[in-house]
Amino acid sequence: MSYKIESLLIHGGIDGDETTGAVNVPVYQTSTYKQDGIGENRGWEYSRTGNPTRAALEKLVADLEHGQYGLAFASGLAAINTVLSLFKSGDKLIVSDNIYGGTFRILDNVFKNFGITYEIVNTSDLSEIENAISPEVKAIYVESPANPLLTITDIKAVSEIAKKNDKLLIVDNTFLTPYLQRPIDLGADIVIHSGTKYLGGHSDTISGFVVVNDKALSERLYYLQNAIGGVLAPWDSFLMIRGIKTLGVRMDRHVANAQKIAEWLSESGYVEKVYYPGLKSDPGYEIQKKQADGPGAMISFVLNKGYDYRKFVKALKLVTLAESLGGVESLVCHPASMTHAAIPYEIRKQVGIVDELIRLSVGIENVDDIIADLKQAIEASK
């Protein structure tokens, strides 16, 4: 029987425990497993290689993303590191021009040392992608919506370019989650998540995921997962399964709050620019509406001149200044000095990650309380 996503969130993957009837997957807090003889085991050997709690989570995330194979990691960057390890010296990636600073950092400061290079392009402009294709390019790496300017890329159109040129398409789906967007259905080969964010949802667990459909690709990634070893621990796997159960109800509230706040910001007279793909004025609105079931709950904005963003973040009372996003609580960050500080100033300036930019992860508090806090903090920042 096939379930819709609201039911899959709760009953997808491995549902409960057949041995005891427990409705929750147990925490198999073990590093190793008894073997019945040399070369004889019961499906488990060593918990870096495989753990039943982690396996249940991996199957759950694969089901949600409409993929066949899922892999769980100790962080989003551990997942990214493993995917990038598919490539070899001389290979090149095309990368979205505003991506998470940690992704840029690992490309620029780690994999570049191994001879793997990248070219930053505006992936919302298909002609820029076409022009960047060369024999050295092995993959196109997209965030949509992108972090932090919420730029929308037409994933299906890019997948067609990738397939025509025999390139992999990698999509970071952290901002929308499979509840709102399923890139594999749109033609992506590899989907990446920082599960720390909306999937966990409570700002208490660090995790990362990779989902694919292709068996040969999954075997390569599984080999790398085991060889590199950045796997998710059993207890954290349990917490992620627990968090995912409420993803649907949380995302519904996140998105409803974000839509109202983005509209208020746009009409408030306090801001110079609002980045949010749920606004009809946003250049990515139509594509976002076509390829996803909602615009997400991330908003970026630039305050009008005369308001000091430093004073603004200090004056906030309900909303918290902190790294990360996607938790039940509303968070703001200053991308230029926090999440995207690893990106050189000139590149930040070129793509629009200006010093005045504020990124807001809208939580599930009462929306009027969030707006009231933003309003008082903006007024206090004059």
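Colleague: What should I know before we start?

Modeller: This is a predicted model, so local features need pLDDT of at least 70 and side-chain atom pairs count only at pLDDT 80 or more, while totals for chains, interfaces and linings use all residues. Residues are numbered from 1 along each chain as its sequence is written, and side-chain values use heavy atoms, with hydrogens and water left out.

Colleague: What is the strand order in the open sheet?

Modeller: Its seven strands run β1-β7-β6-β5-β4-β2-β3, with mixed pairing. The strand names come from DSSP: a strand is an E run of at least two residues, a helix is an H or I run of at least four, and both are numbered from the N terminus.

Colleague: What makes β1 and β3 edge strands?

Modeller: β1 (69-73) and β3 (117-121) each pair on one side only. Two strands count as a pair if DSSP finds at least two bridges between them. Neighbouring strands of this sheet are turned by 20 degrees against each other on average, direction ignored. For such angles, axes are lines fitted to C-alpha atoms (for helices, over the stretch in contact), and the angle between N-to-C directions runs from 0 to 180 degrees.

Colleague: How many bridges does β6 make with β5 and with β7?

Modeller: Three join β5 to β6, which run parallel, and aspartate 172 stands opposite isoleucine 192 in β6. Five join β6 to β7, which run antiparallel, with valine 191 facing valine 211 in β7.

Colleague: Why is β6 said to be covered on both faces?

Modeller: In a regular strand, side chains alternate between the two faces of the sheet. In β6, Ile190, Ile192 and Ser194 are buried on one side, and Val191 and His193 on the other. That makes five of its five residues. Buried means under 20% relative accessible area, exposed means over 50%, and partly exposed is in between (1.4 Å probe, protein chains only).

Colleague: Why is leucine 221 called buried?

Modeller: Because its relative accessible area is 1%, and the cut-off is under 20%. Leucine 221 sits in helix α8, which spans residues 215-228 and lies across β1, β5, β6 (190-194) and β7 (208-212), at about 20 degrees to β1. Leaving aside neighbours within four places in sequence, leucine 221 is in contact (heavy atoms within 4.5 Å) with Leu71, Thr82, Val83, Leu86, Val210 and Val212.

Colleague: What makes helix α3 "mostly covered"?

Modeller: In α3 (residues 76-84), eight of nine residues are buried, including Gly76, Ile80 and Leu84.

Colleague: What makes one space a pocket and another a cavity?

Modeller: On a 1 Å grid over the protein atoms alone, a cavity is a set of points where a 1.4 Å probe fits but cannot get out, while a pocket is an open set with protein on both sides within 12 Å along at least five of seven lines; lining residues have an atom within 4 Å of a point. Grid points are joined across faces, edges and corners, and a volume is the space filled by probe spheres set on the points. The largest pocket holds about 440 Å³. Of its 28 lining residues, Tyr100, Asn147, Ser194, Lys197 and Leu325 are closest to its centre.

Colleague: And how many cavities of 30 Å³ or more are there?

Modeller: Three in the whole structure. The largest cavity is about 120 Å³, and of the 16 residues that line it, Ile10, Ile14, Val25, Ile241 and Lys245 are closest to its centre. Helix α9 gives the most to that lining, four residues.
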